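Here are my notes on this model, written as numbered points. Keep the structure open beside you while you read.

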Amino acid sequence: MKLGNEIAGDGRFVRQPNRFTARIEDGGEHPPEPGRYQIYASYACPWAQRSLIVRELLGLQEVIGVTVVDPIRDERGWRMPGGDPVTGAEYLSELYLTSDPDYQGRYTVPAVWDRTAGRLATNDYPQITLTLETAFRPWHAEGAPDLYPAGLRREIDELNDTIFHGLNNGVYKAGFATSQEAYDEAVTRVFATLDMLEERLAGRAFLHGEALTESDVRLYTTLARFDSVYYSHFKCSIRRLVDHPALWAYARRLYAIPGFRDTTDFDQIKRHYFITQTNINPTGIVPKGPELDWTAP
Ligand SMILES: N[C@@H](CCC(=O)N[C@@H](CS)C(=O)NCC(=O)O)C(=O)O
């Protein structure tokens, strides 16, 4: 895995910017329409799993398609074995290069293809879920949760930002650091953020109270990978998720909801990180453990 441009001089991991940031919105170049968009996702990827969870929670399965890539990437990037039924492409890179022949970055999931325009609309993962929640509202299933309620957006955005820097991206900064100082700084922040969330979740079901929101989706995909991957592979080993009683109970509460559980594939998660990220696991050996009971009451 090549991170050349994303490691700063002091050994810090600095994530590449998202190249495709067009909005899917009424009156724009990419208007919301059923059947028009295809999400490219991997069950292994926490950023992509967010969009799979939200699509299911909102009942958008018939409105927006999904192509799931193989969890093991080779040197050409994510592959769609047998070819993508929508575009015929075998590698995700083909969709990036059709959309921008000069594209130089990593070919990342999630990415959203506009079938009408014949190019990628967006790979801007934080915006993709918000778009499903807002622009696609006319197609939400009856009784679907409002994951981004107008009155809570400021609080949700603020907490999402803390969760992103401290945890979602924080674990990657710990794992990909190439200096002790950069690692120390990142891992300290990861566990300070977990402590803060542990306190916040004592006595409430979800991050913003009794109703599920976008913040819960964002936190969940990192928690689901914590003990199985980030603890060992990314050296986030001060404590385990299971050592935080409120957070562990919360993570299992979310896992019990079909949209979360159906899109969580621990086997693909482990194989992807340990086999593909040879920069930090050159042998590609996948550990057997840990044994965790995500279905415990
Ligand atoms: N688009 C974002 C986040 C998405 C992301 O990093 N996805 C990973 C999987 S979790 C990916 O697709 N990586 C492809 C690669 O590194 O070649 C980024 O560029 O950093």
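1. Start with E214 and R218, whose side chains meet in a salt bridge at 2.5 Å, N to O. A salt bridge here means a side-chain nitrogen of Lys or Arg within 4 Å of a carboxyl oxygen of Asp or Glu. The two residues sit four apart in helix α7, so they are separated by about one helical turn. (Helices are DSSP runs of H or I with at least four residues, strands are E runs of at least two, and both are numbered from the N terminus.) E214 is buried, with a relative accessible area of 0%, and R218 is buried too, at 9%. Buried means under 20% relative accessible area, exposed over 50%, and partly exposed in between, using a 1.4 Å probe and protein chains only.

2. A word on what you're looking at: this is a predicted model, where local features need pLDDT of at least 70 and side-chain atom pairs count only at pLDDT 80 or more, while totals for chains, interfaces and linings use all residues. Residues are numbered from 1 along each chain as its sequence is written, and side-chain values use heavy atoms, leaving out hydrogens and water.

3. By the salt-bridge rule, the count comes to 13. Side chains of opposite charge can pair when their charged atoms come close. Take D195 and R239, which meet at 2.8 Å, N to O. This pair links distant parts of the chain, 44 residues apart: D195 is in helix α6 (residues 180–201), and R239 is in the loop between α7 (214–230) and α8 (245–255). D195 is partly exposed at 38%, and R239 is partly exposed at 26%.

4. Now find R36 and E33, joined by a salt bridge of 3.3 Å, N to O. R36 is buried at 9%, whereas E33 is partly exposed at 32%. Together with D114, they are linked in a network of salt bridges.

5. Which residues does the "active site" annotation cover? According to the unreviewed UniProt entry, C45 and Y172. They are spread over 128 residues of sequence but cluster in space, with a largest C-alpha distance of 12.1 Å. UniProt positions are given in the numbering used here, feature names are shortened, and annotations may be inferred rather than shown by experiment.

6. C45 lies in the loop between β1 (37–41) and α1 (46–57), and counts as buried at 8%. Y172, in helix α5 (residues 170–176), is buried at 6%. Leaving aside neighbours within four places in sequence, C45 is in contact with V109 and R225; contact means heavy atoms within 4.5 Å.
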